[in-house]
Amino acid sequence: MSNSFTSTPTLVDPGRVTAAQTIRTTEVSRLGDLQNYLFATGGSHNVVSQAFDDLCFIQDSLAFVSMCEWKIPILSKAHDTLVINVSGYCPTAANATAQFTITMDDSTTYTTTISITDQSRYSSVFNQGTITITGNHAGDSATLTMELKAPSGQEAVILSVQANWQALTSPLTTGELETENGSFIPQGISRLGADLPLTARFGVESLANINTLRARGRVLFNWSGVESASSALAITQAGAPPRAIGRGDLPTFYSPAALFGGTVESGLTVKAYINVLNLGVGDSFTFLLMGNTLTLSANGWTEFELDLMQDELPISDQFGLSMYRIGVDERTANVNGIASPSYPPSSSGYVAGLTIIGV
Amino acid sequence: MLIPSSFRQMPNEQGCYNGQIVMGGTVGQMASALAQLSHCKFLGEAHYQVSHSTYSTLWGAEQYGARLNGGTRVRSTYKTYEYNFLYQSTAISERLALMMVYGADYSAGSVSIKAEVRATGSNSYTGTVLDYGIEFTAPTYLISQSTPLGEAVPVDQWAFTGCREIEVGNPLITDPLDPPRPLVIPSANRGDLLNVKITVNSLSLIAVHIYDVYQLEVTP
């Protein structure tokens with residue numbers, strides 16, 4: 001009884017499942033196949049996507065320096081391999097090294113190091129590493145931290161960081177597969193073939209599986225400031241990356257992305273994770289995000305469930321989907337939560353990371 | 001079949017119990033919900049913000065920290081200036097729409113954005129070209145400004161390929177490149193890690209959003 005699936009996925013012809021039609025095993029088999037495919041691959045595209053101009057994200061330290069932090073969704077407990085690709089360079093044969101650490105909700109950590117082999121900007125290859133999760137951990141998100149160090153007398157430059165969960169291969173393992181939002185029962189494809197009874201269990205499990213997959217997170221916006229950049233070059237030339245969301249970001253610092261009707265009615269939520277640094281004891285500030293007024297009163301990551309109250313973007317017509325502004329609001333009331341010379345990161349609390357995960 | 005774009009209500013679980021007649025509507029709703037997941041919700045997307053230097057004398061002794069202006073400096077080095085954006089595609093990534101944020105300065109030279117897709121064999125930036133792609137030029141497809149103050153700071157603008165399913169002559173022809181359209185992914189490369197290579201001229205790239213194009217109707 002193989003929990004196999006085909007890729008490219010096969011859809012069920014709706015014309016074959018209307019009233020007065022005999023339900024063929026082809027349709028039922030495809031329903032099971034598609035569920036398995038979706039569990040294995042759904043959400044395995046980019047979870048981290050960020051790029052940097054030349055000499056912006058730069059480090060000359062010989063020891064690892066923590067520089068970036070993102071939140072990433074956990075697809076399921078079976079998706080245990082995060083693939084990370086780094087574009088960067090160090091102008092010497094001795095390689096710079098990036099270190100990535102995933103911190104689970106229970107504080108367990110997993111780490112990988114990636115040697116950066118190019119010696120000039122985009123000269124040859126990007127470098128890849130993987131992190132494998134071996135334990136069983138609760139939580140629907142984790143924190144990904146990036147550290148960087150350079151060889152002696154050199155400087156490491158990062159141009160982009162991309163990460164995604166590795167999709168599972170066919171067939172899925174037997175037995176119930178866990179996610180934070182419910183369980184998934186893989187469908188044995190041979191049990192859905194001809195001359196076998198269609199069990200009530202298939203229908204019940206299919207409905208539960210669909211609800212589980214509907215709740216799986218997908219990254220709509222993910223940005224980290226760069227902390228502790230360091231270079232021997234003058235600050236006018238290098239080492240001045242954004243640490244915080246600034247007032248100049250507001251007009252365009254968002255992703256036009258689709259949200260789907262029925263999200264609220266299905267009990268699903270869009271979550272924002274905000275990383276605050278340098279907030280003094282007893283201090284707080286408000287931050288306006290997708291029409292929500294959020295109060296930030298502690299350093300570190302804070303999670304919010306967002307109310308969906310925005311109007312669609314006009315670009316929806318082009319996409320054929322309901323597209324929304326997924327990101328920071330461009331409102332003057334946001335000024336206290338946004339870095340500026342009046343609220344510099346050195347003396348004010350600031351937003352050093354923002355992740356928005358939808359369904 | 002039509003691909004729904006919303007989470008429609010699911011049938012009652014009791015309709016699947018022993019002793020119940022399996023209704024076509026119940027099976028149809030399951031099929032529709034799964035199609036929404038595979039061909040709508042789980043379409044691939046990537047949202048790159050491109051961070052630039054935030055150095056400014058306005059910061060005083062601090063010198064940098066965040067972007068202060070709703071524009072980004074167009075440096076003199078932004079001539080045939082290359083970026084590589086990695087995109088983990090899906091098995092149904094047939095066409096990729098691009099939406100970009102940029103600031104362009106025409107006094108610095110001719111303004112353009114070229115976009116192409118490459119395979120990433122051996123992690124190379126120069127992998128096999130899958131679609132030689134498209135070119136945005138000013139003033140037809142890009143808005144550029146003249147800010148004759150050396151390295152200019154034009155305000156942010158948006159550029160978009162659109163999502164239309166237009167006929168592609170030959171994605172392997174390099175000259176002239178097509179006007180803006182979604183990039184085409186050959187079936188053999190769908191599901192691979194792809195490299196969306198973007199080359200800019202006299203233009204500062206602020207963000208790149210990459211999308212699998214949603215199709216309203218798919219043949220089962």
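The legends below accompany several close-up views of a predicted model.

**View 1. Chain A as a whole.** In this predicted model, chain A contains three helices and 19 strands, and its C-alpha atoms fill a box of roughly 75 × 50 × 40 Å when the box is taken along the principal axes. Of the 359 residues in chain A, 50% are buried.

View 2. Chain B is divided into domain 1, covering residues 1-42, and domain 2, covering residues 45-212. The C-alpha centres of domain 1 of chain B and domain 2 of chain B are 39 Å apart.

**View 3. The largest nonpolar core.** This core has 126 residues, and those with the most contacts inside it are B:Phe85, B:Met100, B:Ile113, B:Leu205 and B:Val208. Strand β3 of chain B, which spans residues 95-104, contributes the largest share of this core, namely eight residues.

**View 4. The surroundings of B:Val208.** When residues up to four places away in sequence are not counted, B:Val208 touches B:Tyr48, B:Val50, B:Phe85, B:Leu98, B:Met100 and B:Ile198. Two of these partners, B:Phe85 and B:Met100, are listed along with B:Val208 among the residues with the most contacts inside the largest nonpolar core.

Technical notes: Residues are numbered from 1 along each chain as its sequence is written. Chains are lettered from A and ligands numbered from 1 in the order in which they are written. This is a predicted model: local features need pLDDT of at least 70, side-chain atom pairs count only at pLDDT 80 or more; totals for chains, interfaces and linings use all residues. A nonpolar core is a set of buried Ala, Val, Leu, Ile, Met, Phe, Trp, Tyr and Cys residues joined through C-beta atoms within 7 Å. A residue is buried if 20 or more other C-beta atoms lie within 10 Å of its own, exposed if 12 or fewer, and partly exposed in between; C-beta atoms are placed from the backbone. Helices (H or I, at least four residues) and strands (E, at least two) are DSSP runs, numbered from the N terminus. Two residues are in contact if their C-beta atoms, placed from the backbone, lie within 7 Å. Domain bounds come from an automatic or database domain assignment.
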